[in-house]
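Welcome to my notebook. Here is what I looked up, entry by entry, so that you can follow along.

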Amino acid sequence: MRKEDKAIVIEHIGEKLKEYAHFYLVDVTGMNAESTSNLRRKCFGADIKMLVVKNTLLHKAFEAAEIDYSPLYGSLKGSTAVFFCNTANAPAKLIKEVSKDSIPGLKAAYAEEGFYVGADQLDALCAIKSKAEVIADVVALLQSPAKNVVSALQSAGQTIHGVLKTLGERPE
C-alpha cells in the first residue's frame, strides 16, 4: 500500500472516530468470507458500521485523534474489525448473539467515554443502558411518586368520606 493510500485510510478512520460516539475492537481471526458477510449483514441491521482495518493504521488514527486511546493499544493484535455505533450496548449484544455461532470476540471497547479491555468486559458492556433507556427510567421514576400521591389522595378521600358517614349514622 502506498503512503498516500495509508494517509487516506488513517484520515477515514479518524473521521469515523469523530462521527460515532462508541466503538468496539473485535477479533475476527479465522472468519471466512461467508461468516464475515453474515456478520456485516447483522451489523447493518443493528445500525452498526463494521470496518476491518490494519492494526498499524488504526494505531496511527488513535494517535492523531483528540482523545487519548492509549489503553487500547495493547489490543491491536491479530485481525481486527472496528464496530462503530451511536448506541453503546448494541455491538455488545450483537457480539454476544453472534459468538454462539461463529468466532468474533471482543478485544476492547470505547463506550460512554470509558475504556473496556478484554473479552470479560462483554457482560458489563451489555448492561450499559442506552440514552433512550435511561430517559425512560428517569420518566418512570418521576411519575411513580406522583402516581402514589394521587392514589393516596383518592383513597384518603374515600376513607374520610366513609369515616364521616359511619360517624353520622352512629347513634348518640
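This is a predicted model: local features need pLDDT of at least 70, side-chain atom pairs count only at pLDDT 80 or more; totals for chains, interfaces and linings use all residues.

**Entry 1: a nonpolar patch**

I began with Phe115, which is partly exposed at a relative accessible area of 31%; buried means under 20%, exposed over 50%, and partly exposed in between (1.4 Å probe, protein chains only). Residues are numbered from 1 along each chain as its sequence is written, and side-chain values use heavy atoms, with hydrogens and water left out.

I found Phe115 in strand β5, residues 114-117 (strands are DSSP runs of E, at least two residues; helices are runs of H or I, at least four). Together with Ile67 and Val117, Phe115 makes a nonpolar surface patch of about 220 Å². Such a patch takes residues with over 30% relative accessible area and no salt bridge, nonpolar side chains being joined within 5 Å.

**Entry 2: the largest pocket**

Next I looked up the largest pocket, with a volume of about 320 Å³. A pocket here is an open set of points on a 1 Å grid, where a 1.4 Å probe fits, with protein on both sides within 12 Å along at least five of seven lines; lining residues have an atom within 4 Å of a point. Of its 18 lining residues, the closest to the centre are Leu17, Lys18, Ala65, Ile67 and Tyr69. Which helix supplies the largest share of the lining? I noted α1, with six residues. By type, the lining divides into 11 nonpolar, two polar and five charged residues.

**Entry 3: salt bridges**

I searched the whole structure and got three salt bridges (a side-chain nitrogen of Lys or Arg within 4 Å of a carboxyl oxygen of Asp or Glu). Lys16 pairs with Glu19, their closest N and O atoms 3.7 Å apart. The two are three residues apart in helix α1, so about one helical turn separates them. Lys16 counts as buried at 12% relative accessibility, while Glu19 is partly exposed at 48%. Elsewhere, shared partners join Arg2, Glu4 and Asp5 into one network. Arg2 meets Glu4 at 3.6 Å, N to O, and Arg2 also meets Asp5 at 3.6 Å.

**Entry 4: positive phi**

Last, I checked two loops. Asp47, between α2 and β2, has a phi near 60°, a positive value in a residue other than glycine. Glu113, between β4 and β5, has a positive phi of about 60°, and Glu113 is exposed at 71% relative accessible area.

How values were computed
Grid points are joined across faces, edges and corners, and a volume is the space filled by probe spheres set on the points. Ala, Val, Leu, Ile, Met, Phe, Trp, Tyr, Cys and Pro count as nonpolar, Asp, Glu, Lys and Arg as charged, and the others, Gly among them, as polar. Patches are made of residues with over 30% relative accessible area and no salt bridge: like charges are joined within 9 Å, nonpolar side chains (Val, Leu, Ile, Met, Phe, Trp, Tyr) within 5 Å. Accessible areas come from the Shrake-Rupley method with a 1.4 Å probe; for residues, only the protein chains shown count as cover.
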